[in-house]
Amino acid sequence: MKNMLRGFSALLTPGALLTTLLLAFTAQASETKAIKSSGDFGPPQGPAIHAVLTSPPFVPPPVRRNYPAKVIVELEVVEKEMAISEGVKYMFWTFGGTVPGSFIRVRQGDTVEFHLKNHPSSKMPHNIDLHGVTGPGGGASSSFTAPGHESQFTFKALNEGIYVYHCATAPVGMHVANGMYGLILVEPPQGLPAVDREYYVMQGDFYTTGKYREKGYQPFDMEKAIDEKPTYVLFNGAEGAMTGDKALTAKTNEKIRLFVGNGGPNLVSSFHVIGAIFDKVRFEGGSNVQTNVQTTLIPAGGAAVVEYQTKVPGSYVLVDHSIFRAFNKGALAIMKVDGPARKDIYSGKELDSVYLGDRAQANLAAVSTATKAAESGTLTVQDQINAGGQLFTGTCSVCHQANGAGLPGVFPPLAQSDYLNSDPQRSISVLLRGLTGKVTVNGKEFDSVMPAMNQLNDDEVANILTYVLNSWGNKGGRVQASEVKAERAKAVPVKAAAH
């Protein structure tokens with residue numbers, strides 16, 4: 001570098017030469033810093049430590065050590081059937097019994113003794129590839145574990161950062177798609193700056209034989225996975241995993257840190273918190289920091305650390321801003337922030353169903369009750385009305401209003417609607433296929449567009465229509481899921497393209 005500067009010094013003015021020197025020394029300092037971010041801090045000191053592992057959305061406490069240690073991590077693979085959505089079951093393959101797997105937290109320079117167990121009830125062998133490991137396969141080549149067995153290997157955490165781990169047993173994509181991923185945080189020697197709350201959020205895409213929210217047990221669909229056409233895109237392994245009474249919580253004037261991962265196996269995440277601006281983002285899990293960020297990209301098999309301060313109370317919605325994934329595949333979570341209003345910063349009503357959708361309710365207890373009753377053959381009209389009311393709030397009330405009055409000249413009323421009451425069966429087709437053009441309701445003409453709501457499953461359509469038929473002075477009645485299924489199966493003539 002000195003020879004290079006001598007060669008240019010004769011051509012530069014004193015000011016330009018000073019600028020060049022400053023840039024050169026800055027680059028050298030950055031290079032030195034980068035080198036120090038990866039390093040061996042010597043042999044472990046003191047007694048061995050058993051790592052504290054936590055289930056999502058929670059994070060283990062900060063390390064708070066000023067020396068490297070031997071850290072023992074014990075993680076068990078469990079294959080278990082769990083809910084992927086309301087009334088929908090899926091066989092997940094998990095690290096630690098949850099999707100994502102247990103959060104692991106160590107310090108840069110620690111020597112990690114890793115024990116991977118595979119529960120005797122498992123049907124498949126599994127292993128683990130930790131992106132924070134320097135070595136062949138990230139540990140995968142040393143951890144192939146049959147059901148009922150345990151594997152052990154050791155690695156030194158040389159690089160600080162937030163790293164994905166996942167199963168790497170063939171077929172790798174299938175193991176990852178079934179939920180086998182998680183995060184390991186390697187803290188820098190000095191630790192991370194203190195914050196008030198830390199949470200663990202991880203996105204994944206899932207592929208089921210049935211359509212979105214189709215009830216019952218849904219097997220994995222390899223063809224959909226290969227075609228990269230997920231049925232669900234989810235945070236923390238289930239639709240609604242962080243909504244309602246399971247929403248993340250915070251108070252105003254707190255610093256929040258989210259460790260956000262993307263297990264994939266296929267999709268890139270456009271992570272965004274509606275109503276918040278990230279003060280800092282450690283993008284791609286690296287050491288560099290970007291500030292004042294609205295949305296950050298997280299690649300499949302990657303992670304980021306986002307930080308922001310809560311100022312205004314309310315419900316903040318976490319989404320993948322590839323927005324159909326949020327509202328039609330499940331990539332949505334909520335952080336509920338409590339505290340005094342700040343009218344000097346934001347004057348407006350609490351975030352409502354425009355963004356929260358059917359997650360605007362505290363929970364979907366009525367929907368769950370109706371689902372269980374349908375499975376047991378005891379579903380009543382009142383069960384359908386209760387469930388339909390919760391679903392209507394997030395699906396229909398924006399246009400038709402909570403009282404069914406609609407918007408004059410724009411959206412027709414559902415309250416005391418002659419169009420609805422004269423032919424309830426017609427309404428099934430309208431929900432499934434939409435309605436475009438002029439329609440007369442209660443003697444008034446409306447010319448608008450009702451989009452097809454075919455993303456709703458048969459139960460949801462039946463329950464919403466049953467609720468509407470029994471509300472706001474309508475004549476009552478009931479729509480069965482079997483009627484919706486039959487209507488959905490009808491062949492509908494395709495209209496010729498307009499000229």
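Me: Which residue just after α11 takes a positive phi?
Reply: This is a predicted model, in which local features need pLDDT of at least 70, side-chain atom pairs count only at pLDDT 80 or more, and totals for chains, interfaces and linings use all residues. Residues are numbered from 1 along each chain as its sequence is written, and side-chain values use heavy atoms, with hydrogens and water left out. Helices (H or I, at least four residues) and strands (E, at least two) are DSSP runs numbered from the N terminus. Just after helix α11, a positive phi of about 80° is taken by G434.

Me: How many helices and strands does the protein have, and what percentage of its residues count as buried?
Reply: The secondary structure comes to 13 helices and 23 strands. Residues 24 or more positions apart account for 69% of the contacts with a separation of 6 or more. Of the 499 residues, the part that counts as buried is 48%.

Me: What is the average pLDDT of the protein, and which stretches stay under 50?
Reply: pLDDT is the predictor's confidence in each residue, from 0 to 100, and the protein averages 89, with 88% of the residues scoring at least 70. Over residues 1-12 the pLDDT is below 50, and this stretch has eight contacts in the model beyond near neighbours in sequence. The model has ten contacts beyond four places in sequence for another stretch where pLDDT stays under 50, residues 17-36.

Me: In what order do the four strands of the open sheet stand, and why is one side of β4 and of β6 left without a neighbour?
Reply: Two strands pair if DSSP finds at least two bridges between them, and the pairing in this open sheet is mixed, with the order β4-β9-β8-β6. β4 (104-107) and β6 (129-130) stand at the edges, so one side of each is left without a neighbour in the sheet, as each has a single partner strand.

Me: Which residues of β9 are buried on each side?
Reply: Seven of the seven residues of β9 (residues 181-187) are buried, so this strand is largely enclosed by the rest of the structure. Both faces are covered, with Y181, L183, L185 and E187 on one side, and on the other G182, I184 and V186.

Me: Which element gives the largest share of the lining of the largest cavity?
Reply: On a 1 Å grid over the protein atoms alone, a cavity is a set of points where a 1.4 Å probe fits but cannot get out, and lining residues have an atom within 4 Å of a point. The largest cavity has a volume of about 70 Å³, a volume being the space filled by probe spheres set on the points, which are joined across faces, edges and corners. Its lining consists of K215, V367, A370, T371, A374, L379, D459, E460 and N463. The largest share, four residues, comes from α7.

Me: Is T371 buried or exposed, and which residues is it in contact with?
Reply: T371 has its place in helix α7, and with a relative accessible area of 11% it is buried. Leaving aside neighbours within four places in sequence, T371 is in contact with E86, G87 and K215.

Definitions and conventions
Contact = heavy atoms within 4.5 Å. 1 Å grid on protein atoms, 1.4 Å probe; cavity = no way out; pocket = protein on both sides within 12 Å on 5 of 7 lines; lining within 4 Å. Buried < 20%, exposed > 50% of the residue type's maximum accessible area, 1.4 Å probe, protein only.
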